Amino acid sequence: MPKTFSKLLSSAFFFLFTLLFWSINLASAKSNGFSNVLSPKRFGLKREKLSHLHFFFHDIVSGRNPTAVLVASAAMTEKSKTSFGAVVMADDPLTAAPQRNSKLVGKAQGIYAFAAQDEVGLLMVMNLVFMEGKYNGSSLNLLGRNTVFSTVREMPIVGGSGLFRFARGYAQAKTHTFDLKSGDAVVEYNVYVFHY
Ligand SMILES: *[C@@H]1O[C@H](CO)[C@@H](O)[C@H](O)[C@H]1NC(C)=O
């Protein structure tokens, strides 16, 4: 057999095998026009990362420019020792350092509601929207229980957008300062998330 012919033959075989392989692959990823199974790698999801974010959350309820406002309460909320029933909407600044005028890295936008009768226990439903560097425009979604007088509170991160697509993890919140008179608080957050 001439050398060029055998070369041609082997490349033809290679081509046929590749074709076969692809058609099997395609057949296994059947589409019903509504949903289909994708390969995470080919979709661009290569390596899952673990990120740590550290920032300070400023909950300002007093003064002329509060960042958290009471939007609803029940008839019995005022008599409740734990403010049970109060619902607060927040657009709280997140900064790199404890000082209010330190670098703004994002906002915590959402609701916290006083959901416990025997202790101050908040239901937190928050979007953590970031503005810093590559994270600008990306967000994390926090949903959990916040017993504000505990030293460290842990709340799940249930999802995210942008750089934080497929995020899951947890946030640990620790009160940095709490002004009993004004109700203003600065809370240190450490967030650990897996994402791509
Ligand atoms: C974040 O993005 C917005 C709009 O895309 C832009 O106006 C802003 O300057 C960016 N901020 C930073 C800190 O990069």
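Accessible areas here come from the Shrake-Rupley method with a 1.4 Å probe, and for residues only the protein chains shown count as cover. On that basis the accessible surface of the chain comes to about 12900 Å², of which 61% belongs to carbon and sulfur atoms. This is a predicted model, in which local features need pLDDT of at least 70 and side-chain atom pairs count only at pLDDT 80 or more, while totals for chains, interfaces and linings use all residues. Residues are numbered from 1 along each chain as its sequence is written, and side-chain values use heavy atoms, with hydrogens and water left out.

The chain holds one helix and nine strands, taken as DSSP runs numbered from the N terminus (H or I of at least four residues for helices, E of at least two for strands). Read from the N terminus, the order of these elements is α-β-β-β-β-β-β-β-β-β. Of the 196 residues, 32% count as buried, where buried means under 20% relative accessible area, exposed over 50%, and partly exposed in between (1.4 Å probe, protein chains only). With contact defined as heavy atoms within 4.5 Å, 47% of the contacts between residues at least 6 apart in sequence join residues at least 24 apart.

The largest pocket has a volume of about 660 Å³. Of the 31 residues that line this pocket, Asp59, Tyr112, Phe114, Phe178 and Gly183 are the closest to its centre. The elements that contribute two or more residues to the lining are β1 (49–59), β2, β4, β5, β8 (168–178) and β9 (185–195). A pocket is found on a 1 Å grid over the protein atoms alone, as an open set of points where a 1.4 Å probe fits, with protein on both sides within 12 Å along at least five of seven lines, and lining residues have an atom within 4 Å of a point. Grid points are joined across faces, edges and corners, and the volume is the space filled by probe spheres set on the points.

Phenylalanine 149 sits in the loop between β6 (139–146) and β7 (152–161), and it counts as exposed because its relative accessibility is 63%. Its C-alpha atom is separated by 7.3 Å from that of valine 120, although the two residues are 29 apart along the chain.

Isoleucine 111 belongs to strand β4 (residues 104–114) and, at 32% relative accessibility, counts as partly exposed.

Four salt bridges are found in the whole structure, each being a side-chain nitrogen of Lys or Arg within 4 Å of a carboxyl oxygen of Asp or Glu. One of them pairs arginine 168 with glutamate 48 (2.7 Å, N to O), linking strand β8 to the loop between α1 (3–28) and β1 across 120 residues. Another joins aspartate 91 and lysine 107, whose closest N and O atoms are 3.5 Å apart; aspartate 91 lies in strand β3 (residues 87–95) and lysine 107 in strand β4, so this pair ties together parts 16 residues apart in sequence.
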